[in-house]
Amino acid sequence: MTSPTAGSSTNSFLMLPALLLAIFVVPISIAGTATALPAIARDLGSDPTALQWIVNSFNVAFAVFTLVWGTVSDRIGYKPTFLIGVTGTIAASVLSAFAPNLLVLDVARLLAGAAGAAIGVSVTAIISSAYEGAERTRNFALFGTMLGAGLALGPTIAGLLTAAVGWRGVFVAFGAALLLPLLIHGEVPSLRHERRADAPIFDVHLLRNVRFMSIVLLPVIQAFGYVALLTYLPVTLSSVYSLDPGATGLLMLAMTAPVLVGPTLGARMVAKIPSFTIYTLFYLCIALMLIGNAGMLLVATTAPVWVLVIPMLMLGFSFGLPLGFVDGAALDAVPPHSSGAAAGVVSFMRLGSEATVVAVYAMTMAALVSSRVSDDHLAQEVASGLQGHGADYIPAFVTGQIAILAAVVIGLVATIAMHRAVNRAHPVTTSLRSQR
């Protein structure tokens, strides 16, 4: 049972904007930061490990703390968790903007990831708890659209800000964007679900829920098929095509703009087409991932940069179509009292896999470049996107793309197996239209 405190309202006009604006900042922190890495390297040094952890520390902390905040939010309430996330992210963004060296910046991004996890978990749980039926489905589509907007605009905003006012302005923007949600956080209702006194800290039944786990498998596949390339494609464009941050940010719109319209389009497909289930959507997205990543191998031929737009668009839709809808469907597959914990698991599967995949991808690329470039310092600069060294970077990129394709194929096989398991367990309800 959902228990709002006295005086709370789930019908405030400003409630949803506050939630959506807050969630908008989280994917910007993931997608936008990598665009500023070459500028950060010029200012604070090109240590590849420290540079990678500017991105990785946020992702790792976010992934770990989604489980923590998932459990905590079910106990203390979703609004306090939301407020902790917003204030913590603002503080971490200020520290990032004034970081004097890479170590301090890495620590600041780790703190930002921990706070961002509180935002992600609480917003998902509040939307799931405060709305029902078609309104809930529509708001989860908006949730997905804002996630997509953050991903779509993140590289562009970061690239333009880096070119205009420097990389520190990127982190100032992260914090400033959260000032409005902080000011209107009173419009967010104080919601939490009643729990039994003997309820476990973490509901392990979530991991045994075949329907739930089959849904959260897709974000793991997307970590391989989309997020790894999204995070480090700006480095590739700098190295191979000698694009500056501003031009890179604009080109990245080809890969991120589809994420703006994808969530609403995907939700409509499942809602309006009788034979189009959530698993049909999954298979469509995986197919787009495979074709798009194969198309990105054109980088090896140094094809004109505009040729890459088509596979980048396909990759954008592969990520955007199920975004938000996956979160709603996953929470719809669990008991209401586990909403916070389930939101934590969804975010953990998404960000945990992204953090792991991005970290392994970055380390692999650095190692492959180092195997070709004997000078360690030069190898570090090439791996961080030094312009004019595409010949040394391209072989590493091709190897990375082949590994991504193999991982997505494995994910496809796993999806088919889980889909069959769901059909056996729930032969009538596998369409999962996220209607509670």
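This note goes through the predicted model from the whole chain down to single residues.

1. Ground rules. The model is predicted: local features need pLDDT of at least 70, side-chain atom pairs count only at pLDDT 80 or more, and totals for chains, interfaces and linings use all residues. Residues are numbered from 1 along each chain as its sequence is written, and side-chain values use heavy atoms, leaving out hydrogens and water.

2. The protein chain has 19 helices and zero strands. Both are DSSP runs, numbered from the N terminus: helices are H or I with at least four residues, strands are E with at least two.

3. Burial and surface. Of the 436 residues in the protein chain, 59% are buried. Buried means under 20% relative accessible area, exposed over 50%, and partly exposed in between (1.4 Å probe, protein chains only). The chain exposes about 16000 Å². Carbon and sulfur atoms supply 70% of that area. Accessible areas come from the Shrake-Rupley method with a 1.4 Å probe; for residues, only the protein chains shown count as cover.

4. Contacts. A contact means heavy atoms within 4.5 Å. Among contacts with a separation of 6 or more, 85% join residues 24 or more positions apart.

5. Helix α2. This helix covers residues 37–44. Six of its eight residues are buried, so α2 is largely enclosed by the rest of the structure. The buried ones are Leu37, Pro38, Ala39, Ile40, Ala41 and Leu44. Gly45 follows α2, and its phi is positive, near 115°.

6. Arg136. Where is Arg136 placed? Arg136 lies in helix α6, residues 133–165. Arg136 is buried, with a relative accessible area of 1%. Its C-alpha atom is 8.2 Å from that of Gly328, 192 residues apart along the chain.
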